[in-house]
Amino acid sequence: MDHQAKRRMKGGKDLSKEMIMKVFPGANTSRGFYSLYNYIIPQDATRIFVIKGGPGVGKSTFMKKICENMVSRGFRAEWHCCSSDNGSIDGVVFPDLGIALIDGTAPHIVDPKNPGAVDEIIHLGDFWHESRLRQSKQEILAINRRVGRLFSIAYFALQEAMVAMNEWKSYTTEAQNWPRVNSLFADTWEELMGQVEPRHDRSPVDRHLFAWAISPQGKVNFIDSLLQGVKALYLVEGRPGSGKSSFIANFGARAMEQGADVEFYHNTLNPDDIDGVILRGQGIALFTADDPFAWTPDGYQGFLKRIDLSAELDSDVLNLYAQEINDAEARFNQHMARAISHIAQAKEAHDRMETYYVPAMDFTAIEQKRLEIEQRILGYADELAQAASAWGARV
């Protein structure tokens, strides 16, 4: 067994899947499509390949094949998944190499910021037969209009869901024992960070992504894949408005003040809210785990603690507004379902548009381009390994 294969195996178990972290760099939100693409990879990366081209030209497959082959060689990877199609990806990152491939087409327009030095464009439109596409011009234009309209309706529905959510939260907020929440926060901070020495020799790095997506398949998350290397997971539970987001966001902000790098995972309905933070260097994560974005860490094997902020609520206040709470929750679910339905319809229309592009593509030429890019990435990996070896020899 070669060295790379050994890196993928542990106790006879193939670790390839565990080497891929899945996140969403953009989301369908109450503000429309919300992009955090600037946080996919730092701008001083080794190389950023921006892939352009229409629907069905093979962008996602192009990136997936390269990712699978690199992981098979023992390199860690991140899949930046598409919030409008869980079977598709918007980007791939190899964090140990500082290399990314990113879909640069609408709605997540990405253009090179450091052309040549870091970024370059791969235009898969160079491999289509324009005459075939022009024959279907009117059909493509009509479907594009339909897709845009369906997303517009979905975003109206998410705005209405946000209104219902804000009302729902308001009753819980009134019932919350905020001094007790502050005390729980102080206890949690001391428990997790009390023995961690502050660092002031460097500027901490913050990264912002989404752990959830409102997708054609419903509310989807890949949080389990984010917990690789996390030794302590705290689930902050409670009704909407009980303070979960503030609790987690404040923890992340304070950790950065102590010099820790922090990953912030934003709420997919309201990007101002934070659903989770991960401190990779300390092996610590805090996530919300309650409705309307509930999940259970089924595969997690580290230390797990639950903090229930609903335990501090005044039941008299909740009972006083029980009817209003139920009504707000029902309206939220109604509008959320409507949004998901229209996002699903948009995907169906988008899939129909792909049927015009697929026959017009020269996939043999695209495969040759993929192999070329993959070899270049391996070349960068060799250069980085040689530089690290030379540095180690000098030290």
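**Salt bridges in a predicted model**

Modeller: Let's start with Asp-96 and Arg-76, whose side chains meet in a salt bridge, 2.6 Å from N to O (a side-chain nitrogen of Lys or Arg within 4 Å of a carboxyl oxygen of Asp or Glu). This is a predicted model, where local features need pLDDT of at least 70, side-chain atom pairs count only at pLDDT 80 or more, and totals for chains, interfaces and linings use all residues. Residues are numbered from 1 along each chain as its sequence is written, and side-chain values use heavy atoms, leaving out hydrogens and water.

Colleague: Which parts does the Asp-96 and Arg-76 pair tie together?

Modeller: Asp-96 is in the loop between strands S8 (85-94) and S9 (99-103), and Arg-76 is in the loop between helix H2 (59-72) and strand S7 (77-82), so the pair links parts 20 residues apart in sequence. Helices (H or I, at least four residues) and strands (E, at least two) are DSSP runs, numbered from the N terminus.

Colleague: How many salt bridges does the count come to?

Modeller: The count is 21 salt bridges.

Colleague: What about Glu-263, is that one buried or exposed?

Modeller: Glu-263 is buried, at 11% relative accessible area (buried is under 20%, exposed over 50%, partly exposed in between, with a 1.4 Å probe and protein chains only). Glu-263 forms a salt bridge with Arg-280, with the closest N and O atoms 2.7 Å apart.

Colleague: Where do Arg-331 and Asp-327 lie?

Modeller: Both are in helix H9 (residues 322-357), 4 residues apart, about one turn of the helix.
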